[in-house]
Amino acid sequence: MDRNDSGRNDGHDTTTPGRGPAEVHRAYPMGQLAKAFTTAVTHHDRQVRARAEDRVDRWRRVLAGMADGTLAVGSRTPVAGLPAWATPQVVRGGFVTGTPAAGGPLLPYEAHAAHRAGLPAERRALFAHALTTTGLAELTDLLASGAYAVELPEEAALLTVAWLADHGETATALELLDVLEPFAERLRFLPRRFPAPPPGSDSGIVFRWTVGEVRRRLGQRRPRTDVEAMNEALAVWNPFADELLDHWLKTVRHGRVLARSPEPAWREQAAALLERYRTLAAEHTSCGKHRRPKENAFILRTALEELVRGRDLDARRRGMVQHTVDAMVRRRGAPGTPEHAALRARQAADAARPTHHAMAQLVTARLADLPPDTGTPQARAFTVPVAPAEHEATGLPIGADVPEPIARLVLRALAADVPTLIGAGVVPSAEVLAALVPQLVATASAAAYPDPQLRRLMAATYGAFRNRRSLLLVDLQHQVRFEELPWVRAVEQHRQTTDPVRTTAARTLAGLGELALQGWPGTVLPNPLVSELATLARTAGLMLPWTEELAADIFMGTFTPKFPGAARAAAELLDGTLYAAYYGIDYATVAGIDEPTSRGSGRHGAPQFAALCHERAGVDGTTWLSVAQGGAVIEQAQILTTHNLALLAGPVGVTPPSGWAAPARGAFATTCRLAARIHGNPRPLTTIKDMAYAWRQALFYLSMLTPDEQSAALAQFDDDAARYPDHARARLAPVLAGVRLVHEGGALNSNGTPTHGGARRLVGWSHAGRHWLQA
């Protein structure tokens, strides 16, 4: 089964014993509704409350649809009356709201198109107009110009009809229209027009955010009242306090403050100071420190007011002033002294530094003339210091640097190849890489279409399709595939996978695989990235059994046939290696698993492989599985298949340029970091699972080394572990003892208990009590 987005377990229990799927499926949305409602009612931020209110509405629709039967959770067609290819609106956990993503009220560009054509503001009217001579001509011109964007795959449907009609394939166009017409009123089939075509990514150039998204994020940055108050205190009220102090020091005789003003001129100067205070207080309202009775400036100012009114200070008030003057001089020195002047100069420089809000406005203005729907290769040029002309326009100091958080935002619009983005810190994780890869895969996959217009259209369609969030599915159903879209299927005959196309796809596949293994060793390959690797492999002519990460909370005890296929691929690479010995894998038995692999057999699963995983996990395969039991079975499947690592190192041919020792050490570093996070962690199980995953990757990479290289790498592991705290080293010691034992020809206990020397096999899931790493 599959689940939304990364496929990772996000906490809801859908397979506990004695609980039916329908009952559990209601429990999760109800919990999410309660969380969203609490946020909508209690959060202090208005925008956060508004987003939470939207989530409340969506979860209410989920529950209402489940209650009245219009939503079928777990099905490929969860919304009654909508086909599988229609993009649903999906919320957390893979649940659908019942609203199609391409449905709802007309978008502004649709309303404008209807007004321009003199049509009612209805989608069916727009659909019908698109099929007229005028409408088809407009679509054909749009195809030729490329000045359109496809945000949802449905928006490419009528463009495909126009392309077919323009190329004389009327019958195919009519067949496609027969599929689309019943949904003409509900779904948006027209693309968004642009003045100019958005740039393509034929050269392997990608970007994380568009310029428009960066500008929107910058525009959301609001002035910080605490920063404004601090700057006002430094620039206005501290210097004024110095003036008050300097004036009071004129009354000091023999170290004591006089009880009355010494002369009329002093009183006139005091009155001028008080008038100046009133002016400052009216102009500068961010900082209220000067109004607090216990503050030095307040004490000195109010004492001046008494004297200006002709009242002498009583002993108590005189003592307060004396104490304040002494404290201010003792702490900072008297105004005008070198140390005092240096302090105030530093504070003035701090206050003069532009705020993040002001710099965000400047950078937004710099980006104003760029196309909003793409990235820019010159992103760094918009984060340079303030220029003289900008100083004249904004008052910001010449040479002021753009703050790092704002520069980091702008860099997310950097358009470059993936290695450059990784080096710039724009791609900090495999999940972010997975979000970028569709831009590359769309180009590589669409290259199979010789016609340039169709190639651009299919690339845009693919990019939009990959934004589609996955559904929660059961009974081994698979997510909707790109080729299932009716308009993609209608032009399939024009797809020609030539040798150059295969070569390009294979090169892209190997490059991405290398980046994934080297960039974030010890972390799981996200399901979206696995999907893109599978698409590239198919385009390259490699029919490989890529496997997704399954969710333990909806696991129903069996696997699709691609899992034993992936295990057989691992057997070819790993039989007789350190990896096989450590995990006690008989890869000869794995290679002998013979299960049906035809497309129609998927719903029957892979019973032999599932039985092997249950046996290795020590789980009874004849009863309902708890989440922990399901997780243990899934983990054994990942161990046997290596979760795609064997495919990358084997058939794909990925070899790290620096050799396998570097990623092995990187994966072990991740293992150590996670081991250090277990201590004092009230909920350590997720950390333990991630630690076991990282360790499994480290073992895989070690197995790619020669025995001598393994010995050297294990010595480095010992040195690396020694840098961590005692509690982390104590948890790592049995793990390292286990791999050393196996490396020297020994064997670990199959039941998970330690050997005589304390060596243990590390797995992440424990379904029979506490995990030994929790001790």
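Biologist: Which residue just after H27 takes a positive phi?
Modeller: This is a predicted model, numbered from 1 along each chain as its sequence is written; local features need pLDDT of at least 70, side-chain atom pairs count only at pLDDT 80 or more, and totals for chains, interfaces and linings use all residues. Side-chain values use heavy atoms, leaving out hydrogens and water. Helices (H or I, at least four residues) and strands (E, at least two) are DSSP runs numbered from the N terminus. The phi is about 65°, just after H27, at threonine 642.

Biologist: What span should helix H27 have at 1.5 Å a residue?
Modeller: H27 covers residues 627-641, 15 residues. The expected span is 1.5 Å times one less than the number of residues. The end C-alpha atoms agree with that expectation, which is 21 Å.

Biologist: Why is H27 largely enclosed by the rest of the structure?
Modeller: Buried means under 20% relative accessible area, exposed over 50%, partly exposed in between (1.4 Å probe, protein chains only). H27 has 15 residues, and it is largely enclosed because the buried ones number 13.

Biologist: How many of the residues of H30 are buried?
Modeller: H30 runs over residues 685-703 and reaches 27 Å between its first and last C-alpha, close to the 27 Å expected. The rest of the structure largely encloses it, so of its 19 residues the buried count is 15.

Biologist: What share of the contacts with a separation of 6 or more joins residues 24 or more positions apart?
Modeller: The chain has 32 helices and 6 strands, and 49% of its 775 residues are buried. Contact means heavy atoms within 4.5 Å. For residues 24 or more positions apart, the share is 73%.
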